[in-house]
Amino acid sequence: MISRTWVEIDLSALRHNLTVIKERLKGKKLLAVVKADAYGHGLEGLVPVLDQYIDFWGVASLDEALKIKNDKPIVILSPILQPEVTPVVENDFIPTVSSIEIVRALSKEAQKLHKVVNIFVEVDTGMRRTGVPAENAIEFINDVEDIPNVKIMSIFTHLATASLPEGGPKVLQQVRDFRNLLKRLRNSYMVHVANSAGWLRFPETYEEFDLVRIGILIYGLSPFDHSPTIPIRPILEWKTRIVDIRWVDKGMGVSYDHMFVAPCRMKLATLSVGYGDGYPRSLSNRGYVMIHGKRAPIVGRVCMDLTIVDVTNIPDVKIGDEVTLVGHGITMEEVAKLADTVNYEVATRISTRVPRIYLEK
Ligand SMILES: *Cc1c(COP(=O)(O)O)cnc(C)c1O
């Protein structure tokens with residue numbers, strides 16, 4: 001039995017989400033974004049299920065690509081560096097490029113190995129993070145077309161403001177700039193724009209394109225600060241157990257720095273989870289957990305391995321009892337809001353020391 005803290009992944013909820021997404025894709029290809037260990041959900045256990053629904057894997061790095069044991073094409077979405085060129089070509093990964101030096105290095109390596117390396121070209125239409133600036137894109141793509149053993153499989157751009165309620169005009173401007181650029185190309189390519197938020201809100205980001213790149217929705221989480229607009233459900237529950245129970249009297253300080261001082265006699269339970277597990281320290285004195293279906297507020301500082309909650313009003317609480325940190329009664333979005341961040345960050349920060357358990361519920 002794992003008693004400290006663990007994550008339960010519901011594979012039937014994952015199947016449900018993928019079915020809901022596929023039904024609404026209108027035949028577009030699906031690139032499943034599984035970077036950061038499937039947004040903290042633990043990629044390994046998800047691969048066999050995802051494999052039945054998707055067309056491409058999307059990861060952030062060579063290391064992440066090497067961890068996927070599967071035949072479907074693997075796209076590295078962030079730039080690769082020179083020392084990564086050889087293993088990328090050897091393993092037939094699909095790098096995203098925005099530098100001609102990297103394309104030349106890929107070409108050299110591909111010629112050496114008698115291979116053709118497929119690449120994705122990112123065009124920057126407004127994210128200003130990676131990608132070839134739109135004004136240089138035509139020249140860049142034409143140059144790449146002349147480089148041997150390198151084949152442009154796809155051209156894409158990434159949206160900057162699709163999650164923002166007032167982000168619509170900028171999204172549509174990015175789409176327009178991208179389409180204008182595509183019109184000026186000699187060849188046609190697999191082209192795409194949409195991430196989860198873009199796909200849910202703006203048909204313009206996918207209807208005339210070939211593929212969507214979906215991450216957060218696969219895991220049943222929302223790309224917005226409100227619920228998603230399709231009937232997906234979270235696949236993750238994060239749990240721990242009570243390892244200590246004690247009473248404190250009015251005026252007693254609790255946990256580091258005595259950030260909390262008991263306003264009255266109180267019953268406290270200590271949980272076997274802390275920021276060393278990725279549980280946000282910013283929940284100190286503000287978050288809550290669920291015990292026996294009731295809310296237990298966090299009191300004092302979240303420590304590295306332990307967190308203390310108020311259970312004065314929850315009857316029959318015992319050492320060893322199960323506690324829900326994220327799941328029934330408290331969503332990832334609620335935890336994120338209390339921790340002053342987004343669900344993406346809470347999920348991806350769940351530490352590797354927390355085992356992931358895969359269930360068919
Ligand atoms: C992370 C990422 C996505 C997925 O974003 P979601 O909001 O999780 O859907 C799509 N495209 C690129 C380039 C990304 O880096």
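How far is an oxygen atom of the ligand from an N or O atom in the side chain of Lys-35? I looked this up before anything else. The distance is 2.7 Å. I note here that the model is predicted.

**Entry: ligand contacts**

At Ser-196, a side-chain N or O atom lies 2.5 Å from an oxygen atom of the ligand. On its own it has 390 Å² of accessible area, and the protein covers 91% of that.

**Entry: ligand site**

Which pocket does the ligand sit in? I find it in the largest pocket. Two elements give two or more residues to the shell: helix 2 (35-39) and strand 10 (211-214).

I listed the residues around the ligand. They are Val-33, Lys-35, Tyr-39, Arg-129, His-158, Asn-195, Ser-196, Arg-213, Ile-214, Gly-215, Ile-216 and Tyr-344. I sorted this shell by type. Five residues are nonpolar, four are polar and three are charged.

**Entry: Lys-22**

I moved to helix 1, residues 11-23, where Lys-22 is found. Is Lys-22 buried or partly exposed? Its relative accessible area is 34%, so I log Lys-22 as partly exposed. I also took a C-alpha to C-alpha distance from Lys-22 to Ile-54. The two are 32 residues apart in sequence and 8.8 Å apart in space.

**Entry: Thr-125**

I found Thr-125 in the loop that runs between strand 6 (117-124) and strand 7 (132-133). Its relative accessible area is 8%, so Thr-125 counts as buried. Which residue does its side chain pair with? The partner is Gln-174, and the polar contact between the two side chains is 2.9 Å.

**Entry: positive phi**

I looked up backbone angles next. Asp-92 is not a glycine, yet its phi is positive, at about 60°. I place Asp-92 in the loop between helix 5 (85-90) and strand 5 (94-97).

His-292 is another residue other than glycine with a positive phi, here near 50°. Where does His-292 lie? I see it in the loop between strand 15 (288-291) and strand 16 (294-297).

Conventions. Residues numbered from 1 in each chain as written. Predicted model: local features only at pLDDT ≥ 70, side-chain atom pairs only at ≥ 80, totals over all residues. Heavy atoms only, no water. Near = heavy atom within 4 Å. Polar contact = N/O pair within 3.5 Å; in protein donor to acceptor, adjacent residues only side chain to side chain. Areas by Shrake-Rupley, 256 points an atom, 1.4 Å probe, with all protein chains shown as cover. 1 Å grid on protein atoms, 1.4 Å probe; cavity = no way out; pocket = protein on both sides within 12 Å on 5 of 7 lines; lining within 4 Å. Sits in = over half its atoms within 2 Å of the grid points. Helix = DSSP H or I, 4+ residues; strand = E, 2+ residues; numbered from the N terminus. Nonpolar A, V, L, I, M, F, W, Y, C, P; charged D, E, K, R; others polar. Buried < 20%, exposed > 50% of the residue type's maximum accessible area, 1.4 Å probe, protein only.
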